[in-house]
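Dear colleague,

I am passing on the structure below, and would be glad if you could look through it alongside the notes that come after it.

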Amino acid sequence: MTHTTTLNLEALLKLAGTGNTRTIEEQWMSALEADNISPVQVAGWSPILEELTKRDRQSQAETLAWSTIEALKEKFPPAEALSAAGAFLLKLGDSAELRRQ
């Protein structure tokens, strides 16, 4: 069975403003599991990480970024996975943990 899910970026940006990180994480991870997902699409999710960081949710943003990079490394060649990682780093600022990843 094919698993296809899309991420509603606008809705999740609003949720990030409320601090509802549980729903963001659930929807983010569900979309990440989709069969039709690409690293380029995932890189487009980086504004959510930026919004979480602005709302003093840096830890949650880093956790989402880290788990996403791990998942992408399992599905795609490293060079493709790096496209998302680069976008995430730009939005998270100086995250030493994510940079090591």
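What follows concerns the salt bridges and the places of their residues.

This is a predicted model, in which local features need pLDDT of at least 70 and side-chain atom pairs count only at pLDDT 80 or more, while totals for chains, interfaces and linings use all residues. Residues are numbered from 1 along each chain as its sequence is written, and side-chain values use heavy atoms, with hydrogens and water left out.

The structure holds four salt bridges, a salt bridge being a side-chain nitrogen of Lys or Arg within 4 Å of a carboxyl oxygen of Asp or Glu. Helices are DSSP runs (H or I, at least four residues), numbered from the N terminus. Buried stands for under 20% relative accessible area, exposed for over 50%, and partly exposed for what lies in between (1.4 Å probe, protein chains only).

One of the salt bridges joins Glu10 to Lys14, with the closest N and O atoms 3.9 Å apart; the two residues are four apart in helix H1 (residues 9-18), and about one helical turn therefore separates them. Both Glu10 and Lys14 are exposed.

Another pairs Glu70 with Lys73, the closest N and O atoms lying 3.3 Å apart, and these residues are three apart in helix H5 (residues 58-75), about one helical turn. Glu70 is partly exposed at 24% relative accessible area, as is Lys73 at 42%.

Glu50 also forms a salt bridge with Lys91, where the closest N and O atoms are 3.6 Å apart. Because Glu50 lies in helix H4 (residues 46-54) and Lys91 in helix H6 (residues 78-92), this pair ties together parts that are 41 residues apart in sequence.
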